[in-house]
Amino acid sequence: MKRALGLGEIMVQMNPTEKGALRFQTLFERHVAGSEANTIIQMQRLGIGCWFFSAVGADEFGKVIVSALRSEGVDTSGVVEDRNNPTAVYFVQRSYPVPNKTMVYYYRKGSAAANFGPENVREEYFEGLDLFLVSGITPSLSSSCYEAALKCVKLAKDHGAQVAFDTNIRINLLKTKENAMKTLEPFINSADILFTGAGDMAMLFGDDIERAREVTIRKATSANIIVFKKGSDGVEALVRGKRYFVPAYKVPVIDELGAGDACDGAFLASYLQGNTIEDSLRFANVAGAITVSLKGDIEPLPDWQAIETFLNVHGAGEKRLLR
Ligand code: KDG
């Protein structure tokens, strides 16, 4: 079995039962979510053995998060219980003020996960590891998280594991474009598999198309993979100068949150288990489509059987999937 390790903050997500401005919402569903954890759970559901590094508060929400990971079979021995800082919470606002668009409001400053540091990263987790995953959110949380993420990348490389990085820019954490570039550049440069999208690329490179081209071409002509997520247009990959594109499935959008993470997780799980880039992009699209059509980031993440059922209905389902 292939092995993956993720690092990131997991929060309690309060998702209102109705659409509209948060100030009018009185009923909420409680979910658990966090970009890297969403991706790791997607990978675990698709047959990868997963481990996770994080910290949660010694509170009720911390317990929910740990049991959510455990119930999926993710190893939580690297999740620290922090007695001094709380588990973060965030609120979702759907379809307001932009119809069909989701907005989020975080209560995460000084959280347990933001206090995770390099001292919590132990080398034994990297022995026999195939892939380490982190996104731009984690190094943006605090300087200790930044150092922890850098240490993980170094240990992954030392132990021959691939590094997957999703730019996942959270400008509310990074404040400026300059800081976004400074914080994320070491991770972009060391990623073997880089996930990004038009919004993040514009944030990082602005009008500097030449620099964007130089960075992406440098990565795409080496042994690396770049996956561009294009939302409702589909997913594209650049691998050793070759371009692959798979269009998205048209599905009703209920809550877009977590779709990009589902996409990353399905691509990585499929690719690690030996499927082609094209098939892996197709499964990534399916995972994204299923995730946008339901509330919650984790609950909709498909297993192989769900992907197969989706493909049987939407086409390209004639192939037996790798398990
Ligand atoms: O990818 C979805 C996540 O962004 C969201 O559910 C929570 O991890 C999160 C974040 O920091 O925005």
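How many bridges join strand 4 to strand 5 (residues 79-82)? The two strands are joined by 4 bridges and run parallel, where strands are DSSP runs of E with at least two residues and helices are DSSP runs of H or I with at least four residues, both numbered from the N terminus, and where two strands pair if DSSP finds at least two bridges between them. This is a predicted model, in which local features need pLDDT of at least 70 and side-chain atom pairs count only at pLDDT 80 or more, while totals for chains, interfaces and linings use all residues. Residues are numbered from 1 along each chain as its sequence is written, and side-chain values use heavy atoms, with hydrogens and water left out.

Of the 9 residues of strand 4 (residues 49-57), 8 are buried, so the strand is largely enclosed by the rest of the structure; buried means under 20% relative accessible area, exposed over 50%, and partly exposed in between, with a 1.4 Å probe and protein chains only. Cys-50 is buried, with a relative accessible area of 2%.

With a disulfide defined as a pair of cysteine sulfur atoms within 2.5 Å, the count comes to 0 disulfides. For Cys-50, the nearest cysteine sulfur is that of Cys-152, 15 Å away.
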